[in-house]
Structure formats: structure tokens, C-alpha cells
Amino acid sequence: MDCVKKLGENRVLWDDGYDIVALQAVENEKYFSVADDGTLYANATEVGERERFQMHDWGWQNVNLKACCNGCYVIEDDTYIAKSETPYDWFIKEWIKPEPYGDALRLHSWHDKPMDLALQPDGSLRCVPCGHATKDRLFRMEKLEDGIQRAARLAAQADVVILCVGNHPLQVAKECYDRPDLELAPHQKALIRAVRQASPNTILTVVSSYPYALTEERDTLPAILYTTHAGAELGDAVAETLVGENNPAARCPITWYKTAQDLPSIREYDIIEAERTYLYDETEPLFPFGHGLSYASFDYQNFTTKLVDEGVLFQLDVKSTSKRDGDEVVQIYFHADTSTMKRPIRQLCGFQRVWIPAGQIQSVEIFVPWYALECYDVSREKMLVERGTYTFWAAASSRDLRKSLTLELPGETISPQDLSKPTLVKNYDEKDGMFSRLWYSHKFCDWYGSLNDWGRQLHLP
């Protein structure tokens, strides 16, 4: 299963880390074999090439089987057949969801409603309504090759290991489908531990649609490189970054948490009340908003500011303290120190990416317009800059604050709400145990009033 390539005088060893399995029907104790047309039939008494499947385990009972004999994924198409080139559709019909049942497995289908895979009289495999765990609905997954052990043996031979993990963009989590945790799939976490133990020089490359709780990996691996599903040039970009031809300067647009337990309830939509996001959350994150490293390092100096008609102009010098040219993303955050309401702990209001030659100093100007400092006045229903004292930081991330200064900014004063008048729900500061009534018209999806003025019909006494 190992692919060996020669690149000049360097030998590159490769392995996918997947288990190789055989699927057996409990009812007739036969192995499923891939017919010439790809259809699976439980008719083999021994395991050969047609009975071998690569198991892609995405975690939380989401498994794909890829036939080793033809390189196609098993998919439901009336019967189960190995003919899919790749799982890439809104409904992943290649999903097989194993559930332990004694010493066997029940296999559920990709459907949202409970559906079982069941052996048919002709030996084929079909999807049927969920029922009792009769023998025709029980299977065994026999492991022929342990992908983790195989990868660890390969890692022990290498000077440096590049280990890639992450998610498929349409499996486990996407719109309408939530993942149950921030952790990597259990198979991937076990793979990382085994490879790391075999070779301490392991670089973890994470390719994913979303952040992961990589606390263990951050603390035990020398380097982690993250990329989104960045298209056709992803491989070239990752390779050039790993060998040092590209000096990265990307920054996290969201907070990476250490654990899902650091997150408030998913049903709490008020980010202020729930203290959600980097704006209000003081929990120590795994990687903060705005975080990102490169092969270069920088020092911030001479942070000054002045007010102009359209906003605030910040100036500073950024010095390269490394022997490599590189980009730095200078970020400006602020906090309204004397606000009459709860304001963000710190909030991004400006940034600039600048290229700085090795050992040199680059002067940076970042203009912050007034509207970037505004807040919403619920009493007058308008956005405004609140008069008062503000602290500003020049930072490398929302937690890596390098320089600070304090300004008195002109603006408006927010008056208390007039409680003698009705207060609209959308302008109420805190809510708890509220109930509202909606009237449904005979017209389809025509709520009382309309979605635009619906809020005006609801008042608190």
C-alpha cells in the first residue's frame, strides 16, 4: 500500500493511513465481493482483492468504503454498488453508519430517517426501513490491515513526517449537519499519536472547513500548518510553505477554542449576554482571533495617532527582527473605557498587511474611520460614536497586544431609555423567559404584518 517516489536524491514515502477491511454478512457468513459491474454480493468464502475495502472513517459513525479492486466508493443506488468516483454531493449516499450490536454491527444508511442495510436473498445489500436486529441486518467488519500501524512503521523510517488530517468539505459537518465535537475524528487522533511516537519530527498539516480543538497536538508537535480547502493550488501552496519557499502571513478570522466546553450554549444567540466570540469571551483560547505565524518576526515601535476629519490615523514603525523577508499583518484594536453600556473587551477596527525586508524598518499608517468605532444606541435607534475615553492597541493578534495608547474621542452621549414608553423587543437590553405571539395568515409564509415590521407589533410593558 506504500507509494514510494524518487525526488532527486530524496526518497519520499507515502501512506494514506486507512484501514483495509472485509465486510461479512452474519446470516450466511459470506464476505461481500465486488462484481464486474460494481454490485456488492455476499458470496465469497475467502478474502481476495475483490473483497478488500479501504475504510475512510470520518468519526461519529460516518464511514465510506472504497473498493480496492476498482478504486470506487460504495454508494446506495437501489442496491449498494462500488461505482462512485468521490463522495461529493449534498447528500452523501456513500455514508455507511456502523453501530455496535453485541459482537456484530448494524449498518445504517445515509438517510436522515433511520434506515438499515439488509442482506437480500440474492446476496446483494439494500436499504430498508429500520427494524429489529435480525440476522439479515447484522454484519462484521474484519480488519485486514491496520492503517495506523502501517503509517507508524513508515514514519519510523523517515527523517521528517508531514501528516495531513482534517475534514471532507461535505461530510460530517456542513449546512444542516452539525459535528458533535471540536475534536478531530478518533481515527485521526490515534493516527497522530502513533506517528508522533514513531517520529518526533512530525509536522501536522490540517486541511479543514472549520477549527479544531488541537490542544494535545499543539503541546506535543513541533509545528502545525493550517489551510482551508483552497482549490487546485492547495498542494503547491502547502509544499512551498513547508520547504520555506513561501513565507506565510495568513491570520485566523475566528477564534480556535481548546475544547467545546469553553463555548456557551449553541441556543444562546445573544453574543453579548453569552460572552461569545473574541469580542466578549475572556477564556484563554487555543489560537486567538487574528493569530498567525510566519518564518519572520517583527517588533513594534513608535505607536502614535492623530485625529482627522474622517476618523483616526495611527502610525507606527515595524522592524523585522529576523533574517528573512516577510509580511506582517498589523492590527488595530480598541476598547471604549467609559461607555455607558457593555462594549467589547477589544474590537478590531483596522489592519494592514505590509512587506518588510529582513532587518529593516517599515513605517505603517492605518486609518480607522469613525464608523468603525460606532455602537448602537437603543434609545434613539441609531449608530453613533460614543463620547469618552478609548484605549487602542497595535497588535499581532487579539491577544498579542504590542503597543497601546489612550485617546479622548469626541462624539455623542447615550441617554437612558425612557421607561414610561413601550420598549421594542429589539431594543431591550436583557431578556429572560419572554413569550411572544405570532398570528399566521392564510397566505403561505405571510406572517402578521411582515418580516420587516414584525418586531413593531411586539412590545414589552
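Strand S20 (residues 326-336) is joined to S21 by 9 bridges, and these strands run antiparallel, strands being DSSP runs of E of at least two residues and helices DSSP runs of H or I of at least four residues, both numbered from the N terminus. Within this pair, Glu328 stands opposite Val354 in S21. The model is a predicted one, in which local features need pLDDT of at least 70 and side-chain atom pairs count only at pLDDT 80 or more, whereas totals for chains, interfaces and linings use all residues. Residues are numbered from 1 along each chain as its sequence is written, and side-chain values use heavy atoms, with hydrogens and water left out.

S20 and S21 belong to an open sheet of 4 strands in the order S21-S20-S25-S26, with antiparallel pairing, two strands being paired if DSSP finds at least two bridges between them. Because strand S21 (347-356) and strand S26 (401-409) stand at the edges with a single partner strand each, one side of each is left without a neighbour in the sheet. From one strand to the next, the twist averages 20°.

A further antiparallel pair is formed by strand S6 (residues 53-57) and S7, which are joined by 5 bridges, and here Gln54 stands opposite Lys66 in S7. The two strands, S6 and S7, form a hairpin with 5 residues between them, and Gly59 in the turn has a positive phi of about 90°. Strand S7 (residues 63-67) is largely enclosed by the rest of the structure, because 4 of its 5 residues are buried (under 20% relative accessible area, with a 1.4 Å probe and protein chains only).

Helix H1 (residues 147-156) packs with helix H2 (residues 186-198) at an angle of about 25°, their axes lying 8 Å apart, where axes are lines fitted to C-alpha atoms over the stretch in contact and angles run from 0 to 180 degrees between N-to-C directions. H1 is therefore roughly parallel to H2, a description that applies to angles under 35 degrees. The contact (heavy atoms within 4.5 Å) is made by Ile148, Ala151, Ala152, Ala155 and Ala156 of H1 together with His187, Ala190, Leu191, Ala194, Val195 and Ala198 of H2.

H1 is mostly covered, with 7 of its 10 residues buried, namely Gly147, Ile148, Arg150, Ala151, Ala152, Leu154 and Ala155. These buried residues of H1 pack against strand S2 (10-14), strand S3 (19-25), strand S14 (138-145) and strand S15 (161-166), as well as against H2.

Notes:
Parallel < 35°, antiparallel > 145°, perpendicular 65-115°, else oblique. Buried < 20%, exposed > 50% of the residue type's maximum accessible area, 1.4 Å probe, protein only.
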